Amino acid sequence: MRVKKLRILNEMKKVMRLALECPDIRLADRYIEILRRISMKSRIRIPHEWKHFICRGCKRILIPGKTARFRTRRRASLTVITITCLRCGHIYRKVIKRKGK
């Protein structure tokens with residue numbers, strides 16, 4: 001069972017690499033659809049590092065500068081990344097680090 005999971009994760013890694021390196025945005029979106037289908041069918045979660053590049057609203061690829069805007073903001077003791085999807089307008093924030101903790 002463990003070998004099967006590793007094989008599926010390797011396939012997912014290949015698809016994600018293709019999506020991030022693809023110059024055609026429509027094809028990259030298709031790769032993300034395939035990645036999500038593989039994940040759902042095999043019941044294996046998409047790794048956390050890759051979720052930064054998938055919009056939670058429209059489920060399409062987020063490419064900084066093309067389909068998404070990534071901004072960092074510092075407030076008092078927090079550093080926050082604000083990610084805006086330029087297609088659907090979905091905005092979400094991630095706390096990177098807190099000072100003093």
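Visitor: What makes strand E2 (residues 78-85) and E3 count as a pair?

Guide: Seven bridges join E2 to E3, and the two run antiparallel. Pairing takes at least two bridges found by DSSP, so seven qualifies. Strands here are DSSP runs of E, at least two residues, and helices are runs of H or I, at least four, both numbered from the N terminus.

By the way, this is a predicted model: local features need pLDDT of at least 70 and side-chain atom pairs pLDDT 80 or more, while totals for chains, interfaces and linings use all residues. Residues count from 1 along each chain as its sequence is written, and side-chain values use heavy atoms, leaving out hydrogens and water.

Visitor: Why are E1 and E3 called edge strands?

Guide: The open sheet goes E1-E2-E3, with antiparallel pairing. Strand E1 (68-75) and strand E3 (91-98) each pair on one side only.

Visitor: What makes a set of residues a nonpolar core?

Guide: Its members are buried Ala, Val, Leu, Ile, Met, Phe, Trp, Tyr or Cys, joined through side-chain atoms within 4.5 Å. Buried means under 20% relative accessible area (exposed is over 50%, partly exposed in between; 1.4 Å probe, protein chains only). The largest such core has 16 residues, and Met12, Ile32, Leu35, Ile46, Trp50 and Ile61 have the most contacts inside it. Helix H1 (2-21) and helix H2 (25-42) each supply at least two of its residues, and H1 gives the largest share, five. Apart from it lies another core, of six residues, including Cys55, Ala68, Ile83 and Tyr92.
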